[in-house]
Amino acid sequence: MALTGAGVSAESGIPTFRGADGLWKKYRAEDLATPEAFEADPRLVWEWYDWRRQIIAKAKPNPAHLALAECPRLTLITQNVDGLHDLAGSRDVLKVHGDIWIRRCIACGHEETDRIAPLPVLPPLCTRCGAIQRPGVVWFGEGLPAYEWMRASQAAEGADVFLVIGTSAQVYPAAGLVPLARRSGAKIVEVNVARSEVSSRVDVFLEGPAGEILPQLLL
Ligand code: OAD
């Protein structure tokens, strides 16, 4: 199995969250990525997501996404909302933090998926009931999608080898998959340009860009 984070999309030109140029260096998560922030100012929150959608819309999968898509019998879990694993051809990607291309109605729950960026109206409105839509992502303080999380946990318990790619492994519960897999007997192989929270507890640490290392490792 593999767990990917923002670092796997860095070489596609999508900013990470915690590096030197990370989004959380410039923006406060409390103002933009919580249910309370959305309730206080849905337009502001949507402006930020719309800006990110515009960056992501221009991005293409890089050799790291493509190498993972070529790998048979791999359960792919991602914390990324950018959809680049799908574009690379990976099937059945477990998106534990949601998908930035989904808009979900806060009243009736109806979901719409498209790649429109920028959106013509902010906040966007539900085509069924007219209420405000929210981004289909997981915010701080919210639970992870139940089905994806169940499958991710099962994969961690059954994995022989667990690739941890381009994540700072600081955000739980996703980061908890690493110790869960380790306790269940998996060998942990980390790919990252820098040491992370889990690097001292992995079996193999491969230092370098995912787009260079994964094709060598997997293809
Ligand atoms: P972070 O921004 O916390 O970490 C990105 C990681 O990628 C760092 O460890 C970098 O060293 C590494 N990295 C950068 N470029 C790389 C490259 N080319 N190849 C390999 N590694 C590289 O991103 P995440 O760990 O994904 O959550 O963050 C986890 C969650 O925090 C995100 O899903 C998001 C954020 O708040 C939500 O939005 C709920």
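Q: Leaving aside neighbours within four places in sequence, which residues is R134 in contact with?
A: R134 is in contact with F38, W46, I102, R103, R104, I106, W139 and E142, where contact means heavy atoms within 4.5 Å. This is a predicted model, in which local features need pLDDT of at least 70 and side-chain atom pairs count only at pLDDT 80 or more, while totals for chains, interfaces and linings use all residues. Residues are numbered from 1 along each chain as its sequence is written, and side-chain values use heavy atoms, with hydrogens and water left out.

Q: Is R134 buried or exposed?
A: R134 is buried, with a relative accessible area of 10%. Buried means under 20% relative accessible area, exposed over 50%, and partly exposed in between (1.4 Å probe, protein chains only).

Q: And where does R134 sit?
A: R134 is in strand 6. Helices (H or I, at least four residues) and strands (E, at least two) are DSSP runs, numbered from the N terminus.

Q: What do the buried residues of helix 5 pack against?
A: They pack against helix 2 (23–26), helix 3 (29–32), helix 4 (35–40), strand 4 (98–105) and strand 6 (133–137). The buried residues in helix 5 are P42, V45, W46, W48, Y49, D50, R52, R53 and I56.

Q: How does the span of helix 5 compare with what it should be?
A: It agrees: at 1.5 Å a residue, the 17 residues should span 24 Å, and the end C-alpha atoms are 24 Å apart. The expected span is 1.5 Å times one less than the number of residues.

Q: Now helix 8. Which residues there are buried?
A: A152, S153, A155 and A156. They are on the same side of helix 8, because they cover an arc of only 160 degrees around the axis; the arc is that of the directions from the helix axis to the C-beta atoms. An α-helix has 3.6 residues a turn, so residues three or four places apart point the same way.

Q: What is exposed on the other side of helix 8?
A: A146 and G158.

Q: And what does the buried side pack against?
A: The buried residues of helix 8 pack against strand 2 (76–78), strand 3 (94–95) and helix 9 (177–183).

Q: Switching to holes. How many cavities of 30 Å³ or more does a search of the whole structure find?
A: The search finds 2. On a 1 Å grid over the protein atoms alone, a cavity is a set of points where a 1.4 Å probe fits but cannot get out, and a pocket is an open set with protein on both sides within 12 Å along at least five of seven lines; lining residues have an atom within 4 Å of a point. Grid points are joined across faces, edges and corners, and a volume is the space filled by probe spheres set on the points.

Q: What lines the largest cavity?
A: I14, P15, L23, R52, I55 and I56 line it, and its volume is about 40 Å³. Helix 5 (residues 42–58) gives the most to that lining, with 3 residues. By class there are 5 nonpolar, no polar and 1 charged residues. Ala, Val, Leu, Ile, Met, Phe, Trp, Tyr, Cys and Pro count as nonpolar, Asp, Glu, Lys and Arg as charged, and the others, Gly among them, as polar.

Q: And the second largest cavity, what lines that?
A: T78, N80, D82, G83, L84, H85 and K95. The volume is about 30 Å³, and the lining has 1 nonpolar, 4 polar and 2 charged residues.

Q: Which peptide bonds are cis?
A: Cis bonds include the one from A117 to P118, with omega near 0 degrees, and the one from Y172 to P173, with omega near 10 degrees. P118 lies in the loop between strand 5 (111–113) and strand 6, and P173 is in the loop between strand 7 and helix 9. Most residues other than glycine have a negative phi, and most peptide bonds are trans.

Q: What about the phi of A169?
A: A169 has a positive phi of about 55 degrees although it is not a glycine. A169 is in the loop between strand 7 and helix 9 and is buried, with a relative accessible area of 3%.
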